[in-house]
Amino acid sequence: MANFGTYQESCPSIKNILLLDSEGRRVAVKYYSDDWPTLNAKLAFEKSVFTKTQKTNARTEAEIAMFDNHIVVYKFVQDLHFFVTGGDDENELILTTVLQGFFDAVALLLRSNVDKREALENLDLVLLCLDEIVDGGMVLETDSNVIAGKVASHSIDAGAPLSEQTISQALATAREHLTRSLLK
Amino acid sequence: MAQPLAKKDDDRDDEAEYSPFTGIEKGAVLQEARVFNDPQLDPRRCSQVITKLLYLLNQGETFTKVEATEVFFAVTKLFQSKDIGLRRMVYLIIKELSPSADEVIIVTSSLMKDMNSKSDMYRANAIRVLCRITDGTLLTQIERYLKQAIVDKNPVVASAALVSGIHLLQTNPEIVKRWSNEVQEAVQSRAALVQFHALALLHQIRQNDRLAVSKLVTSLTRGTVRSPLAQCLLIRYTSQVIRESGQNTQTGERPFYDFLESCLRHKAEMVIFEAARAITELSGVTSRELTPAITVLQLFLSSSKPVLRFAAVRTLNKVAMTHPMAVTNCNIDMESLISDQNRSIATLAITTLLKTGNESSVDRLMKQITNFMSDIADEFKIVVVEAIRSLCLKFPLKYRTLMNFLSNILREEGGFEYKKAIVDSIVILIRDIPDAKESGLFHLCEFIEDCEFTYLSSQILHFLGNEGPKTSDPSKYIRYIYNRVILENATVRANAVSTLAKFGAVVDSLKPRIFVLLRRCLFDSDDEVRDRATLYLNTLGGDGSVGETDKDVKDFLFGSLDVPLANLETSLKNYEPSEEPFDIDAVPKEVKSQPLAEKKAPGKKPTGLDAPPIVPTSTIDAYEKLLSSIPEFSGFGQLFKSSAPVELTEPETEYSVNVVKHIYDENVVFQFNCTNTIPEQLLENVTVLMDATEAEEFSEVASKPLRSLPYDSPGQTFVAFEKPVGSPAVGKFSNMLKFIVKEVDTSTGEAEEDGVEDEYQLEDLEVVHADYMLKVGVSNFRNAWESMGPDNERVDEYGLGVRESLAEAVNAVINILGLQPCEGTEVVPSNSRSHSCLLSGVYIGNVKVLVRLSFGIDGPKQVAMKLAVRSEDQAVSDAIHEIIASG
């Protein structure tokens, strides 16, 4: 059983991804670790992360902070606050790559119109996006174009494999999907 | 583009804050979920309902078992729809609902169909969902598909299968391990992330096989790794291999170092940083190996990205603890980080600078920090205070600047932990830097004038009582102390009374005035304060005679308890009121080490009938109780020391035996702890035959056999020897375990009538000098050393020959002497060429011993040592030298 420890240590792992609004309320969150066993523990963590980072300027470059035994990287846009948390011995740059992947993918999917309202209107896309980035703590994909492509591939012919889609195709699909979801 | 507001079902448009989920209610959404059952499915509407369900779950709402089951069954109906968007949402909600085993069966066939679909998106997602919710039995059914998926030409499918494999390995390792051929193939994949996932899984499958991991690393470090993530993994595995191989070989070139170094030139910052960090964490890293890593980290320090700066400064901070010199090159870059927007970065930069700074930069640094302190949180401030304390100990000449800084921040606002850190630091500085004493005490006095923490006031008063009287002008402290008696709560008042008494006892000129103050305290409202005042007035002779204070009284006031408080506590709890007064000398003096005996026998069956039932409260207490309960040994007097158990058998042999050496003034008792690990045997009449031909000064006086030793319940047998009184006799014993063995029928547990005599060779046992030495620490070595005086000092120099490292030599000497290292001096900073080590202990006959060791190492690893011993007995000082000379 002791081997799990070494595995967790040697493999980059994400503990949670949070998307909060400008008052610290949840837009979408996903936890991959048991560090916060109860809803209250999770909310308390979100609150402390939000209050401590609230005043910082993380709009142009991703910022970073330490909380107890966790490292949190974060980036804000309009009224949305993006956070990615890892263990305290995690490579900070891996966490940032994941954050950037999530951030950019959401921006692509929301057509650069990234704010809370838009995110909630397209919550399905945001949730799918989370699902495509990390699976159970393991980094699944970090390239925002690929992530957005996978999320937006709704209307692509079922026979066409994803790998054969070009980025522009993927974007076209994303756009199409968006227009449709906005008009409905 | 379409108007975002033109949503048709948008009928509750909130001006203030619009959200599609405003006023959402669980009950209503669960009602809505009925649309899943419609014969004519509306995919869009279904998607919306699922999104609402997911929103509720995401907000922390929980579904009851019944609700979850109901939703789950409704959702399974949606597999009928061919709409891709809807299917994605179905996958998502199934994962969120985490259905129970009997529910999983319902969707298994649908998911398996998707797993074999032509669409890669279906296949990848179906694999992830199925692996998430499945259990072992189902896994064998789908194993074939998963193996295929791992080597699928589509990277998304392959990654899905590999990542699922990583999760499944924790629950069903034996199944996943069968896939290693496919995983091996996937490691060669051209898709970047597939390679990353495959590498992670392969390593996890093989992690217990060091050779395989080493091979994997060897082949990959030569080949090409495509994704930065996979490269990071490889770096981690490589350092692991280096770590493990390092234990065996100590020779020159480090394997794979070149690989790590080459990663410093990788194009991805993630990889560069991972490699730099790996190099700094190599055990016993040399400064030549460090340099390239430090150089890239230095570049990161001036990056525009906060994350890079943070990562670099955090790593450098760790390096500075062990290799401060290596980091000094970065000092200029680090100084500019003090004003960094990100407070974490600034704090890390400051603490690093404090570790690496040189004497001349201290003043400038302190100026910068002063501005910075006001706008950081307490937790950061504590870190800074601790760093300043160690800086001050490093540069004692700079105490004035640093002490002023500490007193300034002491006056500012702050919580208890922060204030405590400052007070502790000042106290340590006063202790270690004599010049700092007067100003330090003065700052503390100022602080208690306005201190809201009883704990800190008490601590400072106690400290003031010990140090204040020894200063040039003790009278100036009295005002501060007496103010406490007037102004504070009872606890602080009582402490102030004690402190006053200490001044009175030491400074005769102050005595009459102190008496006046103490007499006033006799009218205090609190019992404890009055009692203390009365006690001190009497002991100090407050009846008017002003003379020299007795030595006894001084001892009473200042003498430290030379017993560990924990031991005293146990003894007091064990003491039963009786005619016999409590004897403080009977309290064991040895600092408790790890209670090995407790760890060794967790939850074992009760010991044999004739063995006394022991419930070890602590090792030494337990030993003492055990030994005094055996009539043969009860006449041996006070137990001086019991050693840690020494194993006399290899692990996992038929019989496991370890021995504890109990040292008395005239005797040595060997306690053999035996365990029988063969279920089919019962041992009776177990003894240990000790041959003392190589231990001439010892003669056997008694032995106590163990009547019966059943399977897996440890028992003890004892042998006692006599030796010359108070002398540290040494020698070697060869040992033979003798017993009668009886066969046991394991089904009934009954032993046969007849037994066979048998014996079992044990390893040799030595009694060494260290056995006569008690590890007793002293809190302030310098004071203890001074007060011991140079009368019985013996100094000599020794060559220790070629040693692997300085640390190894220091440890060897500490172990030979069996003394307690003081003040953390047993830790040798790596790469240092010289080291001083302070040791203390009590030698047999209750003789206190203090030892100062100075080590030096030269190029070809020749170690020289200077040994200075002070003790209460010249013969003992000589004996210590004898130990080294003969060792």
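1. Which backbone nitrogen does the side chain of Ser227(B) reach? The side chain reaches the backbone nitrogen of Ala230(B), at 2.9 Å, which is a polar contact in the sense of a pair of N or O atoms within 3.5 Å, where within protein one must be able to donate a hydrogen and the other to accept it, and where residues adjacent in sequence count only if both atoms are side-chain atoms. Ser227(B) itself lies in the loop between helix H12 (210-222) and helix H13 (228-246) of chain B, and with a relative accessible area of 5% it is buried; here buried means under 20% relative accessible area, exposed over 50%, and partly exposed in between, with a 1.4 Å probe and protein chains only. Leaving aside neighbours within four places in sequence, Ser227(B) is in contact with Ala192(B), Gln195(B) and Phe196(B), contact being heavy atoms within 4.5 Å.

2. A note on the basis of these values: this is a predicted model, in which local features need pLDDT of at least 70 and side-chain atom pairs count only at pLDDT 80 or more, while totals for chains, interfaces and linings use all residues. Residues are numbered from 1 along each chain as its sequence is written, chains are lettered from A and ligands numbered from 1 in the order in which they are written, and side-chain values use heavy atoms, with hydrogens and water left out.

3. Chain B has 37 helices and 18 strands, where helices (H or I, at least four residues) and strands (E, at least two) are DSSP runs numbered from the N terminus. Of its 887 residues, 51% count as buried, and among contacts in chain B between residues at least 6 apart in sequence, 64% join residues at least 24 apart.

4. Met115(B) belongs to helix H5 (residues 101-115) of chain B and, at 6% relative accessibility, counts as buried. Not counting residues up to four places away in sequence, Met115(B) touches Arg123(B), Ala126(B), Ile127(B), Leu130(B), Ile142(B), Tyr145(B) and Leu146(B).

5. In chain A, helix H2 (residues 39-53) has 15 residues and reaches 21 Å from its first C-alpha to its last, close to the 21 Å expected at 1.5 Å a residue, the expected span being 1.5 Å times one less than the number of residues. Its buried residues are Lys42(A), Phe45(A), Glu46(A), Val49(A), Phe50(A) and Thr53(A). They lie on the same side of H2(A) because they cover an arc of only 125° around the axis, the arc being that of the directions from the helix axis to the C-beta atoms. These buried residues pack against strands S1 (14-21), S2 (26-31), S3 (63-67), S4 (70-77) and S5 (80-87) of chain A, whereas the face turned away from the buried side carries the exposed residues Asn40(A) and Lys47(A).

6. Between the two chains, 67 residues of chain A are in contact with 72 residues of chain B. The area buried between them is about 6,300 Å², of which carbon and sulfur atoms give 56%; buried area is the accessible area (1.4 Å probe) that two parts lose on being put together, summed over both. Across this interface the rule finds 20 residue pairs in polar contact, both at pLDDT 80 or more. Helix H1 (residues 2-10) of chain A gives the most to the side of chain A that touches chain B, with seven residues.

7. The count between chain A and chain B is nine salt bridges, a salt bridge being a side-chain nitrogen of Lys or Arg within 4 Å of a carboxyl oxygen of Asp or Glu. One pair is Arg314(B) with Glu92(A), whose closest N and O atoms are 2.8 Å apart; the pair crosses from helix H17 (residues 306-322) of chain B to helix H3 (residues 92-109) of chain A, and both residues are buried. Asp135(A) and Arg132(B) also meet in a salt bridge (3.3 Å, N to O), and both are linked in a network of salt bridges that includes Asp131(A), Glu132(A), Lys150(A), Arg88(B), Lys95(B) and Arg128(B).

8. Within chain B, the side chains of Arg210(B) and Glu244(B) meet in a salt bridge (3.8 Å, N to O). Arg210(B) lies in helix H12 and Glu244(B) in helix H13, so the pair ties together parts that are 34 residues apart in sequence; Glu244(B) is partly exposed, with a relative accessible area of 27%.
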